[in-house]
Amino acid sequence: MKSRWSWLLIPLGVGGLIYLLAPILTPFVVGALLAYLADPVADRLERWKLSRTAAVSVVFVGLALILSVVLLILIPALERQVSQFLSDLPRYLAWIRTSLVPWLESRLQVNIAEYDPADVIELLKRDWQRAGGIAASVAGSISRSGAAIIGWLIDVLLVPVVMFYLLRDWDRLMSNIADLIPRANLPVVARLARESDEVLSAFLRGQLSVMLALGSIYSMGLWAVGLNTALVIGMIAGLISFIPYLGTFVGVILGVLAALVQFQDVWHVILVLLVFWAGQILEGMVLTPLLVGDKIGLHPVMVIFAVMAGGHVFGFLGVLLALPAASVVMVLVRHIYDLYKDSAFYDDVE
């Protein structure tokens, strides 16, 4: 019994350590997650007679090239669309004042308080113009807050370094961890580790693929509709789709507002709704079954709670770890549930 209680101290100690070190752990966690995602590719290259270091180098260079191409394509496009959005803000403001506010007042039978959103719009435009784009924003920030920018750059540079060394030594690290497990508990721990790996793989690799696919589908669909901010809205909706229905909800709100302001007709609003309806159909019938499967088993309410709780306790690091940790916890909960159903306490009818 004493040894069982001592096992409970391990997760408590790990949780406390994460809480204390949360401000510096983010690049290490991101690097570890990337190494975990890339390990199967490196293993496959090893089976093709490459050394582990050579396989990791090929994976590392390939990911760097893909990321560079994506950033070179997306960043200018996103910057153009954000600039277009800011230049269209006066038209948005006019539509809100002349169309949306009177419609809400007539439907709700209330007088909406007077406000002047022009101040907010001018502030956004002034900040964006002062930034002069992404590169100028970074350069200006260095002069204003050098220490913060240096810390941010160190975090960014740490991610590939951590990823490379963890990926190179991944199999050896896993073997060393397995050697530390008491031999009596090894079969159970090995089974739970396999199940956790299946769940994590389904979530991290599968859900990430779903998010990127949905972002692409929404962006292309909204581009076909003719929205000026199709890429921004589509990628936002896709990247937050790991929280059930949140991506669709946010995307529909942003897309409908953009369509109303840009086109001022019902037809384009219907087209926007059709884009997100088609995305939901594809996600539920094709993307999730194909890329994720049914291994995760997290209820939507559990997903939302995990993200909010992780963010509240650990900040951004908690958001990163929330769903992977919740997936592993579900594996442990299912194991405890099976133990309970097989226990004498459950079968005792007295």
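The side chains of glutamate 195 and arginine 191 meet in a salt bridge (a side-chain nitrogen of Lys or Arg within 4 Å of a carboxyl oxygen of Asp or Glu), with 3.3 Å from N to O. The model is a predicted one, in which local features need pLDDT of at least 70 and side-chain atom pairs count only at pLDDT 80 or more, while totals for chains, interfaces and linings use all residues. Residues are numbered from 1 along each chain as its sequence is written, and side-chain values use heavy atoms, with hydrogens and water left out.

Glutamate 195 and arginine 191 are four residues apart in helix 8, and are therefore separated by about one helical turn. Helices are DSSP runs (H or I, at least four residues), numbered from the N terminus. Glutamate 195 has a relative accessible area of 28% and is partly exposed; arginine 191, at 32%, also counts as partly exposed. The classes are buried (under 20% relative accessible area), exposed (over 50%) and partly exposed (in between), with a 1.4 Å probe and protein chains only.

By the salt-bridge rule the count comes to seven. Arginine 52 forms a salt bridge with aspartate 39, and their closest N and O atoms are 2.8 Å apart. This pair links distant parts of the chain, since arginine 52 lies in helix 2 and aspartate 39 in helix 1, 13 residues apart. Arginine 52 is buried at 12% relative accessibility, and aspartate 39 is buried at 9%. Salt bridges that share partners join Asp39, Asp43, Glu46, Arg52 and Asp171 into one network. A further salt bridge connects aspartate 169 and arginine 168 at 3.3 Å, N to O. Aspartate 169 counts as buried, at 16%, whereas arginine 168 counts as partly exposed, at 32%.

Helix 8 covers residues 186-225, and its 40 residues should span 58 Å at 1.5 Å a residue; the expected span is 1.5 Å times one less than the number of residues. The end C-alpha atoms of helix 8 are 56 Å apart, which agrees. Glycine 226 follows helix 8 and has a positive phi, near 110°. Within helix 8, serine 196 is buried at 12% relative accessibility. Apart from neighbours within four places in sequence, serine 196 is in contact (heavy atoms within 4.5 Å) with Val328 and Val331.

A nonpolar core is a set of buried Ala, Val, Leu, Ile, Met, Phe, Trp, Tyr and Cys residues joined through side-chain atoms within 4.5 Å. The largest such core has 22 residues, and Val59, Leu167 and Leu323 have the most contacts inside it. Helices 1, 2, 6, 8, 12 and 13 each supply at least two residues of this core, and helix 1 gives the most, with five. Neighbours within four places in sequence aside, leucine 167 is in contact with residues including Asp39, Arg52 and Val59.

On the surface, a nonpolar patch includes Val266, Trp267, Trp277 and Leu291, and the whole patch has about 1,100 Å² of accessible area. Patches are made of residues with over 30% relative accessible area and no salt bridge; like charges are joined within 9 Å, and nonpolar side chains (Val, Leu, Ile, Met, Phe, Trp, Tyr) within 5 Å. Accessible areas come from the Shrake-Rupley method with a 1.4 Å probe, and for residues only the protein chains shown count as cover. Leucine 291 is found in helix 11 and is partly exposed, at 34%.
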